[in-house]
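Please open the model in a viewer and keep the sequence panel beside it.

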Amino acid sequence: MINIIDHGTGNITSVSNLLERINAQHIFTSDPESLDDASHIIIPGVGHFASAIKNLKEQELDKAIIIAAKRGVPILGICLGMQILYEYSEEGMLEGLGLLKGRVVKKVPSNVERFKVPNVGWLGVKWKKSSCLFQNINDQNLIFYFTNSYAVKNDDQNFVTSTYNFDNEYVASFEKENIYGTQFHPEKSGDVGHKLMINFLNVELLN
């Protein structure tokens, strides 16, 4: 069963709609015990980092996600859900789950007239290395929908699978063993997002 984490701020409906379109059984959960039987875990995006991480800790979902990650369950963080997987965020000045080394920083463009924050809209993504998420997706189709005011500063470039250019180059996606993240929203990115989600759901438990 696919578990969509309900941290109280995420865009869970859009993710659920996509999973329904591809006939993937799923549940919303704020119960840490439900992750014991999860085949896949999705941490959705949209919202405020501080609110999301506080809700996860109050429900003890933070510990349950970390345990599931160590058990090899495939985990996908989307936008805010991706940022939660890192060590620290300037949005609330709080620690994240620490499954990836790095921090989340506020975007401060040098040209505020050209680069509007929040960054909302479609952007091209550039491959950095192969990833399960991008199987059977052509590089000319790597255009995804973004909406964010914060970006990831990754301390270990070995796990960065793609980047996007706003005013600077930022992390668009990563893959570390059974843990995946996308700064963009596959559930809002049309056919290419659907393909990416199917690729994630085809990832099996890491032994």
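The expected span of a helix is taken as 1.5 Å times one less than its number of residues, and helices (H or I, at least four residues) and strands (E, at least two) are DSSP runs numbered from the N terminus. This is a predicted model, in which local features need pLDDT of at least 70 and side-chain atom pairs count only at pLDDT 80 or more, while totals for chains, interfaces and linings use all residues. Residues are numbered from 1 along each chain as its sequence is written, and side-chain values use heavy atoms, with hydrogens and water left out.

**Stop 1: helix α5**

Select residues 190–201, which form α5. This helix has 12 residues and reaches 17 Å from its first C-alpha to its last, close to the 16 Å expected at 1.5 Å a residue. Colour V192, G193, H194, L196, M197, N199, F200 and L201, which are buried (under 20% relative accessible area, with exposed meaning over 50% and partly exposed in between; 1.4 Å probe, protein chains only). The buried residues of α5 pack against β1, α1, β3, β4, β10 and β14 (179–182).

**Stop 2: helix α1 and its crossing with α5**

Next, select α1, residues 12–21, where I12, S14, V15, S16, L18 and L19 are buried. These residues pack against β1 (2–5), β2 (26–29), β3 (40–43), β4 (75–78) and α5. The axes of α1 and α5 are 11 Å apart, and the helices pack at an angle of about 80°; axes are lines fitted to C-alpha atoms, for helices over the stretch in contact, and angles run from 0 to 180 degrees between N-to-C directions. The two helices are therefore roughly perpendicular (65 to 115 degrees; under 35 counts as roughly parallel, over 145 as roughly antiparallel and the rest as oblique).

Show side chains at the crossing: L18, L19 and R21 of α1 meet G193, H194, M197 and L201 of α5, contact meaning heavy atoms within 4.5 Å. Following α1 is N23, whose phi is positive, near 55°.

**Stop 3: the nonpolar cores**

Which residues touch the most other members of the largest nonpolar core? Among its 33 residues, they are L19, F144 and M197. Such a core is a set of buried Ala, Val, Leu, Ile, Met, Phe, Trp, Tyr and Cys residues joined through side-chain atoms within 4.5 Å. At least two residues each come from β1, α1, β4, β10 (143–148), β13 (169–176) and α5, with α5 giving the largest share, 5 residues. Another core, of 31 residues, lies apart from this one and includes A52, A64, A68 and V73.

Centre on L19: beyond its neighbours within four places in sequence, L19 is in contact with I2, I4, A24, H26, I42, M197 and L201.

**Stop 4**

Move to P32, in the loop between β2 and β3. Leaving aside neighbours within four places in sequence, P32 is in contact with Q59, E60, L61 and A64.

Then select T161 in strand β12 (residues 160–165). T161 is buried, with a relative accessible area of 1%. Not counting residues up to four places away in sequence, T161 touches K126, W127, K128, K129, S130, S131, F134, S173, F174 and E175.

**Stop 5: two loops with positive phi**

Most residues other than glycine have a negative phi. N136, in the loop between β9 (126–127) and β10, has a positive phi of about 60° although it is not a glycine, and N136 is exposed at 72% relative accessibility. Finish at E177, in the loop between β13 and β14, where phi is positive, near 55°; E177 is exposed, with a relative accessible area of 58%.
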